[in-house]
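Please look over the sequence and the model shown here, and then follow the text that comes after them.

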Amino acid sequence: MRKALLPVLAAALLTSATPAIASAAPPPEWGPCPEEAAGLGLECGTIQVPLDYRDPDGKTIEIAISRLASTKPEKRRGVLLTNTGGPGGEGLAYPATLKKLNIPQAVLDAYDVIGMDPRGVHNSTPVTCGLSLAEHPTNIPRYARNSADVTSEAQRVAAVAAKCGSSATAPLLPYMTTANTARDMDRVREALGERKVNYFGISYGTYLGSVYTSLFPERSDRFLIDSATGPGGWDASFSRLFGQGVEDRFPDFAKFAASKPEYGLGRTPAQVTAKYFELAARLDRTPSPDGYNGQVFRHVTFADLYYDSKLPHLAETWRALDTGKPVPTPLSGAGYPSDNYIASQLHVICNDSDWPEDVKAYRRHVAIDRFRHPLFGAAAADIAPCAFWPSEPIEPPVKITGRGPSNVLIVQNLRDPATPLAGARKLRQAFGDRARMVTADQGGHLAYLFKDNKCANDLATEFLVTGARPRHDLAC
């Protein structure tokens, strides 16, 4: 068991995990939005929520929300809460982003679309670990070339966890959880005067939505979840799924690169795959002048597999590394995550479940997954700061079950590197008859609005607008 470093936690563990009833949340005062959401047709406000729902009259924190209001009151049926994933993703601008992604007007007519910076994130009361880029430049484990790499990574991430536990926001640390974020969502529902809420969440947001509708099934209306993590959220088992996700997705890139001989990466998918291992081994021995070693090469490959639009950039990167030319600059939006993003993400995933703490277990998992998923398994199974997290979970994980209304639609790409199909299938099984799943025969992360599978997109829209779902799971 991890030793608790935070005095506030010791008292918390002596109390019941069942939250007490909090007083009613007053409605937000809508006004201008912060800079990143300004000028987008949104209005923003804040509400106060308990830091610890077992102490509803104790310390409060602030939750920032936004609204893209329906302009058709005769068609409006309620609110659509949203989440952008992460965890740690900012959400105030997301309703406007959905509009830019051409979400059908029928959806915008039916709902006030609500964005939210979850607890710990940016405009809501934020958390920090005080990390520099050198201390934690990535939120995905590093590729472990051997057992010694696991040992050295353990030392690095232990220091990261220690900094989180001694940061300026350490007293908030134990209470940054998915379950508490779901309770915040229910306070938003209450503040907006709604009896029920509808929901659209992507990536990690699928777990948040699953937790909300499990905690508050009677307050849940239509729940659309896209690219599912699985019923345990981002736990140690999910992290290892990245290895499977790369195996699922990589053939799409291999086919793309092989179809364009100008990249010089191989004329068949098999040759492109061989080039991956050749480049990784070469860079393990001798990093490029740009600073690319084998670990960075594997990580960049994983990141650029997310979206089809990044495949040409990935092929250019490979060609540059293969020929000794300068590596192209990252695409817009690429780069290292901020301290707040990393901190809020670590707070949630490390607090949500009890991660293995024995470094030997990670060495064993890396050895297994190096052979099970040779492309990326030795990264996915490597050790993370959660192994050294300075507090224990304050409550058990919320169990996702079939208890509740049949009101969940899961949309899932078959070849998703970040939230693989295997996790979505487990979530579908956990929900039982509460859910239906639509799979889309396409690769990459995120399906609805992000890809052009008309079958999957139309089914998702129909569900949000009318509530209708396929009678059975459906493959598009």
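## Asn-413 and its surroundings

At a distance of 2.9 Å, the side chain of Asn-413 reaches the backbone oxygen of Leu-446. This comes from a predicted model, and the values given in this report are to be read with that in mind. The side chain of Asn-413 also makes a polar contact, at 2.7 Å, with the side chain of Gln-442. Asn-413 itself is found in strand S7, and because its relative accessibility is 0%, Asn-413 counts as buried. If its neighbours within four places in sequence are left aside, the residues in contact with Asn-413 are Leu-421, Ala-440, Gln-442, Gly-443, Gly-444, His-445, Leu-446, Ala-447 and Lys-451.

## Helix H12

Which residues of H12 are buried? They are Val-359, Ala-361, Tyr-362, Val-366 and Asp-369. These residues cover an arc of only 140° around the axis, and therefore they lie on the same side of H12. Lys-360 and Phe-371, by contrast, are exposed on the other side of the helix. The buried residues of H12 are covered by parts of the chain that include helix H4 (147–165), helix H7 (236–258) and helix H13 (377–380).

The length of the helix can be checked as well. H12 runs over residues 359–372, and at 1.5 Å a residue its 14 residues should span 20 Å, which agrees with the 20 Å that separates its end C-alpha atoms. At the start of H12, Asp-358 brings a side-chain oxygen to within 2.9 Å of the backbone nitrogen of Lys-360.

## The disulfides

The structure holds 4 disulfides, and when the bonded cysteines are counted along the chain, the disulfides follow the pattern 1-2, 3-4, 5-6, 7-8. Three of them, for which details are given here, are set out in the table.

| Disulfide | S to S distance | Angle about the S-S bond | Hand |
|---|---|---|---|
| Cys-33 and Cys-44 | 2.0 Å | 95° | right-handed |
| Cys-350 and Cys-386 | 2.0 Å | -80° | left-handed |
| Cys-455 and Cys-476 | 1.9 Å | -55° | left-handed |

The link of Cys-33 and Cys-44 is right-handed, with 95° about the S-S bond. Cys-33 lies in the loop between helix H1 (7–12) and strand S1 (43–50), while Cys-44 lies in strand S1, so the pair ties together parts that are 11 residues apart in sequence. Cys-33 and Cys-44 are both buried.

For Cys-350 and Cys-386, the link is left-handed, with -80° about the S-S bond. This pair links distant parts of the chain, 36 residues apart, with Cys-350 in helix H11 (residues 339–352) and Cys-386 in the loop between H13 and strand S7 (408–415). Both Cys-350 and Cys-386 are buried.

The link of Cys-455 and Cys-476 is left-handed, with -55° about the S-S bond. Since Cys-455 lies in helix H15 (residues 454–466) and Cys-476 in the segment after strand S9 (474–475), the pair ties together parts that are 21 residues apart in sequence. Is Cys-455 buried or partly exposed? With a relative accessibility of 33%, Cys-455 counts as partly exposed, because buried means under 20% and exposed means over 50%.

Note on methods. Residues numbered from 1 in each chain as written. Predicted model: local features only at pLDDT ≥ 70, side-chain atom pairs only at ≥ 80, totals over all residues. Heavy atoms only, no water. Helix = DSSP H or I, 4+ residues; strand = E, 2+ residues; numbered from the N terminus. Expected span 1.5 Å × (residues − 1). Buried < 20%, exposed > 50% of the residue type's maximum accessible area, 1.4 Å probe, protein only. Arc of directions from axis to C-beta. Contact = heavy atoms within 4.5 Å. Polar contact = N/O pair within 3.5 Å; in protein donor to acceptor, adjacent residues only side chain to side chain. Disulfide = S-S within 2.5 Å.
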